[in-house]
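This report is written for a reader who is meeting the structure for the first time. Please look over the sequence and the model below before reading on.

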Amino acid sequence: MQHPAVPELAHTTTRPIHWLATAAALAAVVAGSAFLQPDPANAAQPGSEPSSKTAAAPAPVQAPDPATVTYPIACGSVKPVVKKKATGDLDGDGRPETVAVVHCAAGSGTPPDGVYVVTRATEGKPRVVATLVDPKDRQNVSDFAVRDGVITATLLGYSSPNVPSCCPDIEDEAKWQWKDGTFARSTPAGAHSV
């Protein structure tokens, strides 16, 4: 509160001209900042020459679409179906591969699965480059994943041809990893049979 003995100061009362001057100054600052932009930032390694041109980053490579591939599976009059899929760079070349779990489209029952690695050539259509599980082995795949270049799956199978297809009685954990030009299979620790 102001003491009544002190006269009112001129700068304590705002007038429309004060608001107009403030708005004009603010508009000038905003307009000036639109014209005065800093140079784009370029990350550089120590000791490297600064670049006057900014290089565009390469576009990420798409993983191959497993629906566009012909699989080495005999389905007769029905077509193969991609049951599960996962992608990842399996061989360390910087391009993702797709791992597909495929079986024949059956109206009922439990058709066996095949597990295939699909890659895309630098030019051309995606293709199967490896069969990890052959449908002829009468196995089904569950708990399927690709992480850090490693493919893991739980394989459900049968101890004999007499075991009905509805009720697999063997469970096997499998792991594949690219080593020395091939997908090497191993059994993870803690794997067990039913």
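Which side chain meets that of Asp-172 in a salt bridge? The partner is Arg-185, and the N to O distance is 2.6 Å, where a salt bridge is understood as a side-chain nitrogen of Lys or Arg within 4 Å of a carboxyl oxygen of Asp or Glu. This pair links distant parts of the chain, since Asp-172 belongs to strand S7 (residues 170–179) and Arg-185 to strand S8 (residues 182–186), 13 residues apart. Helices (H or I, at least four residues) and strands (E, at least two) are DSSP runs, numbered from the N terminus.

Asp-172 is partly exposed at 25% relative accessibility, and Arg-185 is likewise partly exposed, with a relative accessible area of 41%. In these terms, buried means under 20% relative accessible area, exposed means over 50%, and partly exposed lies in between (1.4 Å probe, protein chains only).

## How the model is read

This is a predicted model, in which local features need pLDDT of at least 70 and side-chain atom pairs count only at pLDDT 80 or more, while totals for chains, interfaces and linings use all residues. Residues are numbered from 1 along each chain as its sequence is written, and side-chain values use heavy atoms, with hydrogens and water left out.

## The other salt bridges

Side chains of opposite charge can pair when their charged atoms come close. A search of the whole structure finds three salt bridges, and one of them joins Asp-113 to Lys-83, with the closest N and O atoms 2.7 Å apart. Because Asp-113 lies in the loop between strand S2 (97–104) and strand S3 (114–120), and Lys-83 in strand S1 (residues 80–88), the pair ties together parts that are 30 residues apart in sequence. Asp-113 is buried, with a relative accessible area of 0%, whereas Lys-83 is partly exposed at 32%.

A salt bridge is also formed by the side chains of Asp-93 and Arg-95, at 3.5 Å from N to O. Asp-93 is partly exposed, with a relative accessible area of 37%, and Arg-95 is partly exposed at 27%.

## Two disulfides

The count of disulfides, each a pair of cysteine sulfur atoms within 2.5 Å, comes to two. In one of them Cys-75 is joined to Cys-104, with an S to S distance of 2.0 Å, and this link is left-handed, with -85 degrees about the S-S bond. Cys-75 lies in the loop between H1 and S1 and Cys-104 in strand S2, so the pair ties together parts that are 29 residues apart in sequence. Both of these cysteines, Cys-75 and Cys-104, are buried.

Cys-166 and Cys-167 form a disulfide in which the sulfur atoms are 2.5 Å apart, and the link is left-handed, with -70 degrees about the S-S bond. Cys-166 is exposed at 58% relative accessibility, while Cys-167 is partly exposed at 39%. With bonded cysteines counted along the chain, the disulfides follow the pattern 1-2, 3-4.

## Lys-79 and its contacts

Lys-79 is found in the loop between helix H1 (16–35) and S1, and this residue is exposed, at 65% relative accessibility. Not counting residues up to four places away in sequence, Lys-79 touches His-103, Cys-104 and Ala-105, contact being defined as heavy atoms within 4.5 Å. Although Lys-79 and Cys-104 are 25 residues apart along the chain, their C-alpha atoms are separated by 5.9 Å.
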